[in-house]
Amino acid sequence: MALLDVEDLSVTFRQRGKRTVRAVDGVSFSVDAGEVVGLVGESGCGKSVTSLALMGLLPRQPGISVGGKADFDGTDLLRVDRRAMRDIRGRDVAMIFQDPLSSLNPVIPIGRQVTEVLTRHRGLSGDAARKEAADLLDRVGIPDPTRRLKEYPHQLSGGMRQRALIAIAVACQPRLLIADEPTTALDVTIQAQILELLKALVRDSGTALVMITHDLGVVAGMCDTVNVLYAGRVVETARRRPLFAEPRHPYTVGLLNSIPRLDAGRGDKLSPIPGSVRDVLPWADGCAFAPRCDRQVEACVGEPPQLVLTHTDRTYRCVNPVPAVGSAPAVAEPAVEAGPGPAAEAGPESGPVGPVAEVDPVAEEKQSSVPAPREEESA
Amino acid sequence: MTITERARKKAEKLDRLGELSAARDEERGVSLWQEAFRRLRRNPAAIVGTVVLGLFVLVSIVGPMLVPYGPTDTIGIREGLVKSGQGIIPGSSADHWLGFDHQGRDEFSRLIVGARQTLLVGVVSTLIGLAIGALIGGVAGAAAGLGGRWGRWLDTGLMRIVDMLLALPSLLLAVSIAALLGASLTTVMIAVGVVSVPVFARLLRGSMIAQSNSDYVLAATSLGVRRSKIALSHVLPNSLAPVIVQATLTLATAIIEAAALSFLGLGNPDSAVPEWGVMLADAQPYLGIRPALAIYPAVAIIITALGFTLLGEAMREALDPKLRK
Amino acid sequence: MFRFIVRRLLQLIPALFGLSILLFIWLHRLPGGPETAILGERGTPEMRAAIRQNLGLDEPILVQYGRFMKRMLRLDLGASIATKREVTTEFLQRFPGTVELAATAIIIAIAIGIPLGYLAARRRGRLLDHVSVAGSLIGVCIPVFFLAYVLKAIFAENLHLFPSSGRQDPTIEATRITNFFVLDGLMTREWDAAADALWHLVLPGLALASIPLAIIVRITRASVLEVLGEDFVRTAEAKGLTERVVRQRHVLRNAMLPVATTIGLLTGGLLSGAVLTETVFAFSGIGAFIADSISQRDYPVLMGFIMIIAVLFVLVNLLVDLSYSLIDPRVRVR
């Protein structure tokens with residue numbers, strides 16, 4: 001049984017005078033205890049909105065509606081009442097945000113910002129709370145934690161701030177951690193350190209981590225399972241290695257091909273995905289990616305593509321998928337080595353994404369603990 | 001280097017600069033002002049403000065030609081209807097919609113004719129404040145942003161003077177000026193105008209310094225464009241938005257402050273030319289008998305000031321870079 | 001911090017010096033002079049000259065200024081030409097009234113303005129929000145003296161709920177210590193005198209509070225709205241903190257920064273407004289006295305009062321800057 005089971009999550013923004021936007025349109029994925037799951041996609045694909053919806057942090061306004069189910073250990077995070085949600089947030093489910101400077105309160109010392117969550121959920125106060133906060137800062141690698149407790153966010157470096165945010169998030173040993181682009185605002189070298197820290201924390205504490213990112217390098221370095229999002233829907237789900245080795249959805253292929261490669265000739269051009277996220281078709285009218293897709297066929301338009309389940313641990317949403325390795329020359333094959341990208345190069349673990357030849361999809365499948373892929377009728 | 005070569009180089013530089021600013025425009029989609037105007041048109045507050053001001057300007061232009069009675073015609077006393085000494089000042093009637101004032105003049109006619117003077121006081125005093133303030137602030141801002149060490153000295157000197165003006169309570173300043181020049185319409189306009197000088201100066205200076213620190217100025221400087229040209233053709237135009245907003249809001253306060261000066265007896269002593277502030281001040285002794293005489297001009301002042309405030313606030317919102325996108 | 005205060009106070013000296021020169025030249029160039037005010041239009045040229053000589057106004061302006069500065073350095077502001085009393089005495093007698101009035105107004109404005117602005121922001125787009133935004137827009141557009149008259153007419157003259165003029169009921173015999181009537185009443189335990197003085201402050205205080213109130217509501221609302229959209233508020237929510245903690249520790253405290261600056265800037269306008277309000281309510285503060293002094297060309301009073309007010313104004317702004325650095329650690333005072 002999965003720790004978090006998100007089913008058919010949808011978020012709609014309805015504003016007066018503007019057209020209705022379905023930012024998240026039937027997203028389903030699941031997270032096992034201790035697992036690292038990636039949500040990957042371009043900006044605007046709905047990954048951040050997904051995380052805010054799970055945390056119950058979307059603004060409570062008429063016009064913003066959330067649908068679907070998010071079963072967290074028996075509790076539906078989308079239905080639970082506000083007060084109960086406040087108890088869950090920070091204690092069972094915690095979140096790390098993208099911009100550490102603006103995510104910390106500028107006029108309150110770091111220490112207070114750590115202790116207040118300890119006070120709220122663990123009942124610690126006074127010296128006990130301060131001591132625990134210092135321990136936490138120490139655990140996330142902030143040197144001289146007792147002094148740092150009294151400092152304000154502007155006195156810390158970017159990496160330190162993100163470490164402090166992480167300390168706040170892990171303060172109550174949550175079972176699920178959601179990290180929304182935790183390294184995007186940081187320097188490349190700092191990014192690597194932070195990813196390393198997150199990985200160590202997850203490994204040591206058994207916390208499940210949902211990693212939201214646009215950076216395939218981060219995915220390659222960290223995630224067990226990857227969900228690729230496009231226009232508010234999951235278009236492909238797979239274990240990390242098979243995904244990089246054998247992407248089936250043309251969008252995943254496109255993402256992989258957009259990354260510059262070291263071994264490419266100097267004259268070779270990158271092959272970015274044409275167009276932008278704005279050129280989408282509503283899912284109801286077919287495949288949202290169709291306008292940008294180079295494998296577009298007639299069947300792409302007219303009806304929403306069903307989720308296809310392969311014999312391996314993989315689902316994708318495409319009527320004309322990229323052929324699997326072995327059955328036909330795969331478009332993405334050479335791209336795999338480039339998977340880590342520039343960020344992961346400096347990253348802690350640029351190695352794990354091996355060359356294609358090493359990957360044996362079947363072997364990977366055997367040892368995988370991915371929940372049983374489900375056949376799903378589209379919304 | 002030949003002259004033609006130099007000219008060509010210069011043209012190239014300007015082209016590249018043009019590209020840079022064009023790139024900025026493209027990023028925004030449309031120009032700042034077009035975008036602001038589009039948002040203004042959708043803002044109900046801006047529409048109400050514009051309608052009120054449109055009516056106000058219309059009345060002040062054509063009003064004097066349409067009124068039923070002359071503003072100085074003491075018709076009420078001539079016809080024996082008004083005896084202010086005995087406390088008899090009749091109110092509304094079919095012939096005199098708003099009744100008479102204490103000197104037997106038709107209140108409605110005076111109110112309509114008074115719009116012109118009120119508009120004049122507001123506009124002229126704001127222009128005085130704007131002109132002097134923008135001059136001081138513009139010089140200080142250009143000097144501080146682009147002028148090096150001497151520029152900073154000049155800026156500091158100018159700002160100390162402005163701060164001294166700010167240190168005096170505005171009404172005290174206005175009263176002293178009015179006392180110096182004697183009570184007249186010009187006095188009121190100068191006094192009210194001078195009070196807003198430091199506001200405009202500080203605003204334009206701050207805005208220009210902020211603009212001077214932006215990337216496009218750095219780009220222009222690195223392309224070798226002359227500093228005076230950067231200040232005049234790039235920094236200044238981009239810094240004007242808050243000043244224009246402030247001018248609109250100042251029009252409102254100017255009308256109110258002019259009324260305050262009239263109330264203190266420093267307004268236009270020539271009651272032949274009606275002005276709302278003076279009418280309001282003149283009505284004070286008769287508050288017990290006919291409070292309406294004070295309420296009419298007061299409401300006129302409030303509505304007009306509200307019109308300017310609504311439009312000004314809406315403009316501020318429309319031009320706010322934080323709200324753009 | 002200490003060096004910052006000292007430097008600001010040192011900066012005050014040249015500013016005051018410059019201000020005194022400007023004021024001196026300006027005042028002495030005003031047409032007419034104290035002799036006109038004393039004699040009216042009747043005096044003969046000889047009598048005028050005698051008075052001018054008596055007051056030392058016949059000497060070159062530089063000599064007069066030198067004499068003024070010499071006295072200033074001994075903190076002696078001279079005596080009023082009109083009342084013959086020390087300027088300092090006049091000031092100490094009248095200024096407390098104005099301060100009481102201004103303080104009442106700013107307290108009313110803060111006590112109503114900040115909660116109202118906060119609520120308007122939280123209920124954005126609802127009725128309360130619309131009402132307070134409209135109210136604050138109208139509030140800045142009502143001439144203060146007109147509002148004062150309206151309040152006086154309704155609540156004092158018609159409903160008789162409040163006194164219509166003065167600072168204290170003349171039938172009450174109160175001991176004067178500081179000339180802050182409310183404070184005096186409390187210090188001498190003359191409770192009825194204190195209550196009566198407070199009672200007299202309500203209407204003029206409300207009238208004077210109108211513009212600061214409108215401004216504070218608007219600034220608070222805008223500021224709270226901005227802070228509510230900040231990432232750190234989302235972080236606080238993500239921690240699962242209770243609504244009260246999020247509101248007080250995270251939203252309000254940050255939202256107060258611009259409000260504090262605004263309140264500092266309002267003090268100048270408050271003095272101007274006080275002059276008008278005092279006139280309407282025959283409230284004996286400095287307002288009417290300064291207006292009279294201008295028309296009587298009472299040079300020592302004008303010079304003295306304006307210099308003292310300028311010093312106080314600078315001090316208030318210094319306090320505001322200091323308090324700002326207390327609420328916002330990013331602002332380091334240097």
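**Helices and contacts in a predicted model**

Q: Which residue just after H8(A) takes a positive phi?
A: Look just after H8(A). The phi there is about 75°. The residue is A:Gly206.

Q: How many helices and how many strands does chain C have?
A: Read along the sequence, chain C runs α-α-α-α-α-α-α-α-α-α-α-α-α. Its C-alpha atoms fill a box of roughly 85 × 55 × 40 Å along the principal axes. The count for chain C is 13 helices and zero strands.

Q: What share of the contacts in chain C between residues at least 6 apart in sequence join residues at least 24 apart?
A: Chain C has 334 residues, and buried ones make up 39% of them. Take its contacts between residues at least 6 apart in sequence. The share joining residues at least 24 apart is 72%.

Q: Are H5(C) and H6(C) parallel, antiparallel, perpendicular or oblique to each other?
A: H5 (residues 87–122) and H6 (residues 127–139) of chain C have axes that come within 8 Å and cross at roughly 130°. Roughly perpendicular ends at 115 degrees, and roughly antiparallel needs over 145. H5(C) and H6(C) are therefore oblique.

Q: Is the crossing of H5(C) with H6(C) left-handed or right-handed, and what classes of residue meet there?
A: H5(C) passes H6(C) in a left-handed crossing. C:Leu116, C:Leu119 and C:Ala120 in H5(C) meet C:Leu128, C:Asp129, C:Ser132 and C:Val133 in H6(C). By class, the contact has five nonpolar residues, one polar and one charged.

Q: Which helix gives the largest share of the side of chain C that touches chain B?
A: The contact takes 29 residues from chain C and 29 from chain B. H1, H6, H7, H11, H12 and H13 of chain C each supply at least two residues of the chain C side. That side has 24 nonpolar, five polar and no charged residues. The largest share, six residues, comes from H11(C).

Technical notes:
Residues numbered from 1 in each chain as written. Chains lettered and ligands numbered in written order. Predicted model: local features only at pLDDT ≥ 70, side-chain atom pairs only at ≥ 80, totals over all residues. Axes fitted to C-alpha atoms, helices over the stretch in contact; angles between N-to-C directions. Helix = DSSP H or I, 4+ residues; strand = E, 2+ residues; numbered from the N terminus. Parallel < 35°, antiparallel > 145°, perpendicular 65-115°, else oblique. Left-handed = near helix turned anticlockwise from the far one by under 90°. Contact = placed C-beta atoms within 7 Å. Nonpolar A, V, L, I, M, F, W, Y, C, P; charged D, E, K, R; others polar. Buried ≥ 20, exposed ≤ 12 C-beta atoms within 10 Å, placed from the backbone.
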